[in-house]
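Please keep the structure open alongside the text.

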Number of protein chains: 2
Amino acid sequence: MKKRKISNVIIRRLPRYYRALDLLYRNNTERVSSSELGNLMGVTASQIRQDLSCFGEFGQQGYGYRVDHLRLAVRRIMGMEKQKSTVLLGVGNLGRVLLMNFPFEENAFSLDAVFDTDPVVIGKKVGRWTVRGVEELEAFLMENSVDVGILTVPKASAQEMTDSLVKGGVRGIWNFTNTEVSAGETIVENIHFSDSLLTLGYLIST
Amino acid sequence: MKKRKISNVIIRRLPRYYRALDLLYRNNTERVSSSELGNLMGVTASQIRQDLSCFGEFGQQGYGYRVDHLRLAVRRIMGMEKQKSTVLLGVGNLGRVLLMNFPFEENAFSLDAVFDTDPVVIGKKVGRWTVRGVEELEAFLMENSVDVGILTVPKASAQEMTDSLVKGGVRGIWNFTNTEVSAGETIVENIHFSDSLLTLGYLIST
């Protein structure tokens with residue numbers, strides 16, 4: 001399949017395509033029309049047809065899309081066929097929420113190690129991970145190929161930890177620190193609670 | 001100030017403008033040029049000038065922007081001059097992270113009540129809130145004007161809780177359930193961890 005340049009808006013919709021198709025797949029649905037898929041996703045049928053045309057030829061006029069084929073294509077486009085590794089920095093409340101509840105494997109990621117600076121938690125088990133001291137991070141990143149660093153540290157150490165991750169060669173940073181970090185060429189994806197609530201505040205005020 | 005139609009992309013940048021300006025304001029900075037503000041936000045100076053022109057006339061050629069004026073203007077545009085009230089449903093791990101750590105007041109929101117279905121936590125204090133049973137939600141929403149419902153319940157009860165919030169007249173739902181909810185005219189803002197990580201996975205795969 002040829003990869004064309006995909007717009008940022010479609011990239012943001014890809015995970016929603018995947019979730020909708022994965023749900024249909026798990027329910028043993030064989031085919032789905034663009035309007036059915038649109039209903040599931042809250043998007044118009046013509047939007048669906050337009051998006052999917054960016055990924056290649058999937059639909060058959062009047063027959064809809066083969067769920068298994070389309071799901072697999074979206075998995076491939078998203079790079080989900082190869083599991084990616086992550087490490088998590090900061091075993092505070094939010095770090096623990098991710099450790100205990102987030103389905104890394106379902107999303108084609110593995111969580112390979114967790115780090116903290118607090119001597120009280122270092123060496124302790126949290127879920128199935130033994131917390132490592134952050135001074136071990138550099139060596140860990142040298143010995144293991146880690147794709148993504150997850151930042152659940154306090155704001156004050158966000159940039160320092162980013163620098164260590166970038167130096168250690170991660171390709172992406174999943175940033176929960178509610179602050180902007182500079183990571184050079186490394187891609188940063190932010191989960192920013194305040195920005196999200198402020199946006200909601202704006203939308204309900206207008 | 002006349003409100004013009006503001007594009008979705010700019011709406012998503014508004015909170016970042018606010019954070020950058022608020023930081024400058026707290027540091028007693030009087031003026032900022034579009035290139036300085038751009039550097040802070042990782043956006044070009046011409047993008048800044050273009051965005052701000054949507055909100056009205058602020059800059060003075062060669063003098064930059066008055067930080068206090070611009071900060072206040074962004075606060076007004078975002079509807080932050082009036083504090084909004086929220087209730088939180090679901091005092092699990094993620095709910096507790098928000099209760100204990102999220103700066104509602106800084107973002108011009110108040111958290112007025114928290115609800116759960118678990119008899120073990122109902123009546124108990126979490127932070128400064130006493131957890132209420134979810135059966136009290138309807139009456140609470142009738143007696144109090146609540147702007148936003150925060151959903152940190154399990155996926156399985158996401159739609160039912162959404163229905164209760166919509167029926168109770170909230171104007172917005174801040175949805176952490178990692179699932180899509182139907183809320184009619186009520187505005188839903190999603191914090192979707194999986195979609196975010198999948199997007200990052202895509203971006204580092206290409």
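In this predicted model, B:F102 and B:F104 are both buried. Their rings have centres 4.9 Å apart and planes at 75°, an angle over 60 degrees, so the pair counts as edge-to-face.

**Aromatic pairs**

- A pair of aromatic rings is described by the distance of the centres and the angle of the planes.
- For A:F193 and B:W174 the ring centres are 6.4 Å apart and the planes stand at 85°, so this pair, too, is edge-to-face.
- A cluster linked by ring pairs takes in A:F102, A:F104, A:W174 and A:F176 from chain A, together with B:F193 from chain B.

- The size of an interface is often given as the accessible area lost when the parts come together.
- Here chain B and chain A bury about 4,800 Å² between them, and 69% of that area lies on carbon and sulfur atoms.
- Chain A brings 53 residues to the contact, and chain B likewise brings 53 residues.
- Six salt bridges are found across the interface of chain B and chain A; one of the salt bridges in the model joins A:R19 to B:E180, with the closest N and O atoms 3.0 Å apart.
- The polar contacts across this interface come to 20 residue pairs, with both residues of each pair at pLDDT 80 or more.
- On the side of chain B that touches chain A, at least two residues each are supplied by helix 1 (8–26), helix 5 (93–101), strand 9 (172–175), strand 10 (187–190) and helix 8 (193–205) of chain B.
- Helix 8 of chain B gives the most to that side, with 13 residues.
- Sorted by class, the side of chain B that touches chain A has 28 nonpolar, 15 polar and ten charged residues.

**Chain A as a whole**

- Chain A contains eight helices and ten strands, and its C-alpha atoms fill a box of roughly 65 × 45 × 30 Å along the principal axes.
- Of the 206 residues in chain A, 50% are buried.
- Among the contacts in chain A with a separation of 6 or more, 56% are between residues 24 or more positions apart.

- A:T86 lies in strand 3 (residues 84–89) of chain A, and it counts as buried because its relative accessibility is 0%.
- Not counting residues up to four places away in sequence, A:T86 touches a set of residues that includes A:F104, A:F109, A:L111, A:V146, A:V148 and A:I150.
- A:V97 is in helix 5 (residues 93–101) of chain A, and with a relative accessible area of 6% it is buried.
- Leaving aside neighbours within four places in sequence, A:V97 is in contact with A:F102 in its own chain and with B:N93, B:L94 and B:V97 in chain B.
- The C-alpha atoms of A:V97 and A:N144 are 24 Å apart in space, while the two residues are 47 residues apart in sequence.

- B:S110 is part of strand 4 (residues 109–116) of chain B, and it counts as buried at 10% relative accessibility.
- The side chains of B:S110 and B:D112 are joined by a polar contact of 3.0 Å.
- Beyond its neighbours within four places in sequence, B:S110 is in contact with B:Q83, B:K84, B:S85, B:T86 and B:E105.
- B:G64 sits in the loop between helix 3 (45–53) and strand 2 (65–66) of chain B, and at 15% relative accessibility this glycine counts as buried.
- B:G64 and B:D147 are 83 residues apart along the chain, and their C-alpha atoms are separated by 36 Å.

Technical notes
Residues are numbered from 1 along each chain as its sequence is written. Chains are lettered from A and ligands numbered from 1 in the order in which they are written. This is a predicted model: local features need pLDDT of at least 70, side-chain atom pairs count only at pLDDT 80 or more; totals for chains, interfaces and linings use all residues. Side-chain values use heavy atoms; hydrogens and water are left out. Contact means heavy atoms within 4.5 Å. Buried area is the accessible area (1.4 Å probe) that two parts lose on being put together, summed over both. A salt bridge is a side-chain nitrogen of Lys or Arg within 4 Å of a carboxyl oxygen of Asp or Glu. A polar contact is a pair of N or O atoms within 3.5 Å; within protein, one must be able to donate a hydrogen and the other to accept it, and residues adjacent in sequence count only if both atoms are side-chain atoms. Helices (H or I, at least four residues) and strands (E, at least two) are DSSP runs, numbered from the N terminus. Ala, Val, Leu, Ile, Met, Phe, Trp, Tyr, Cys and Pro count as nonpolar, Asp, Glu, Lys and Arg as charged, and the others, Gly among them, as polar. Rings of Phe, Tyr and Trp (its six-membered ring) pair if their centres lie within 6.5 Å; planes under 30 degrees apart count as stacked, over 60 as edge-to-face and the rest as tilted. Buried means under 20% relative accessible area, exposed over 50%, partly exposed in between (1.4 Å probe, protein chains only).
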